[in-house]
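Subject: Structure for you to look at

Dear colleague,

Here is the structure I promised to pass on to you. Please open it beside this message, and then read the notes that follow.

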Amino acid sequence: MNILFANANSIFDYSSGSAKSIKLILEEFVNLGHNIYAVCSSISDSQCGYNNSLSLWEKSARLNQEKNSFIARFIYNGINISLIRTRTWQRNKLNSDEEENIYREAINVIKKYKIELTIGWGNLLLEESIFKEAKNNNSKICFYLVNPSYKGRKTYILDNADIIITDSRATKLLYKEEIKSRCIVIPKAVENSTLSYNFSTFTSRKNTKCLFVNPSIEKGLESFIILSKYFIDNDIDISLICIDSRNKLKIDLEYLGYDFNKLPCNIKVLPGTVSVDDLFKDISLLLLLSIWHESGSRLILESYSRGIPVIAFNTGGNIEFMGNYNQDIFPKPHIYTDQNKRLRIKKWEPKEMVQRILFLTENIDYFDSYSNKIYNENSAYQQKIRCNEALQQLINLIKILP
């Protein structure tokens with residue numbers, strides 16, 4: 001089958017979980033023997049993700065000695081890529097000529113390769129135009145729905161998709177009143193780790209390290225600060241590693257009334273990294289503190305595939321991904337929506353979560369056994385098998401759609 005992914009956002013944006021997920025899905029389609037095309041630009045969730053896309057664009061342009069000033073075409077892990085260079089990393093600042101380049105390249109691929117299935121997301125005019133043309137050219141359209149923000153909004157692709165794929169039953173349930181076509185849950189695939197992990201070394205260090213990624217208010221920045229202060233007030237020697245790959249930390253801290261330069265001393269802020277192994281290196285636990293509907297965080301599976309436990313709130317699809325480790329899931333804080341329609345924490349007592357963190361990090365033999373259990377039950381290979389089975393189900397369904 002000839003399959004196209006078309007969207008302004010880059011599949012090479014390593015600061016975006018959705019971009020990583022769609023890239024791995026496309027690679028799994030390749031492994032299943034399908035012809036895969038991707039038309040995207042360098043638009044990203046962050047400057048660093050944008051820079052990574054530009055580096056690939058420039059490398060391709062040099063290797064192929066292309067004279068085209070805006071588009072690079074190359075093959076990446078079996079995917080036929082059309083990468084359009086943009087002047088900015090921000091989606092809302094995409095220029096009209098850049099939108100036209102993305103649109104025309106997508107339509108050219110649809111027609112030239114007789115695309116049978118077009119996958120994408122988004123509800124702006126560019127995405128809507130691409131999907132309308134795909135339908136006009138007899139391509140089935142598939143909505144990759146992994147974001148709660150479409151809820152209650154008029155969206156062309158949600159209304160007109162031939163099929164919808166999502167990453168959790170929780171998101172499928174969230175949209176049950178708005179989904180008009182068949183919806184399939186596609187388990188996430190994760191990349192193989194290149195590191196060999198020795199589980200017992202995690203807790204043998206003097207300083208336990210807990211990882212918190214992409215800090216924002218919606219992803220639990222308030223609870224992260226509350227947790228850090230609790231550790232300090234109770235003389236608990238735990239380091240908190242905060243990965244600010246999207247560069248939102250300072251802005252959201254100021255919104256909450258905190259000074260970036262006066263963060264609690266147990267918090268260390270680091271930039272993002274393209275390497276998932278580097279992200280989890282020397283980490284004992286992952287903190288997933290989102291207070292919004294976390295559709296299906298790939299961080300959970302990336303952590304589990306390395307034998308690293310996850311401490312999370314029960315929101316969105318977390319309980320599906322963490323069902324075998326219920327003792328690490330905690331009730332979501334009492335929240336409210338402020339005057340700017342942002343989710344805020346009204347009340348939260350971190351004591352119960354802290355007790356679980358201390359139990360894990362102070363009982364070395366238990367942690368060693370628990371980490372091995374997590375690792376053995378969640379290998380990258382097992383996750384790819386589950387993903388492949390669901391993708392084959394998707395292909396079989398597409399073939400019988402009218």
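**Core and rings**

Leaving aside its neighbours within four places in sequence, phenylalanine 29 is in contact (heavy atoms within 4.5 Å) with Ile3, His34, Ile36, Ile119, Leu391, Leu394 and Ile395. Please keep in mind that this is a predicted model, in which local features need pLDDT of at least 70 and side-chain atom pairs count only at pLDDT 80 or more, while totals for chains, interfaces and linings use all residues. Residues are numbered from 1 along each chain as its sequence is written, and side-chain values use heavy atoms, with hydrogens and water left out.

A nonpolar core is a set of buried Ala, Val, Leu, Ile, Met, Phe, Trp, Tyr and Cys residues joined through side-chain atoms within 4.5 Å, where buried means under 20% relative accessible area (1.4 Å probe, protein chains only). The largest such core has 70 residues, and those with the most contacts inside it are Ile11, Phe29, Ile119 and Phe143. A second, separate core of 57 residues includes Ile238, Leu253, Leu279 and Ile283.

Rings of Phe, Tyr and Trp (its six-membered ring) pair if their centres lie within 6.5 Å, and planes under 30 degrees apart count as stacked, over 60 as edge-to-face and the rest as tilted. By this rule there are 12 aromatic pairs. The rings of phenylalanine 5 and tryptophan 121 have centres 5.5 Å apart and planes at 50°, so this pair is tilted. Phenylalanine 5 counts as buried, at 0% relative accessibility, and tryptophan 121 is also buried, at 15%.

Best wishes

Conventions: Buried means under 20% relative accessible area, exposed over 50%, partly exposed in between (1.4 Å probe, protein chains only).
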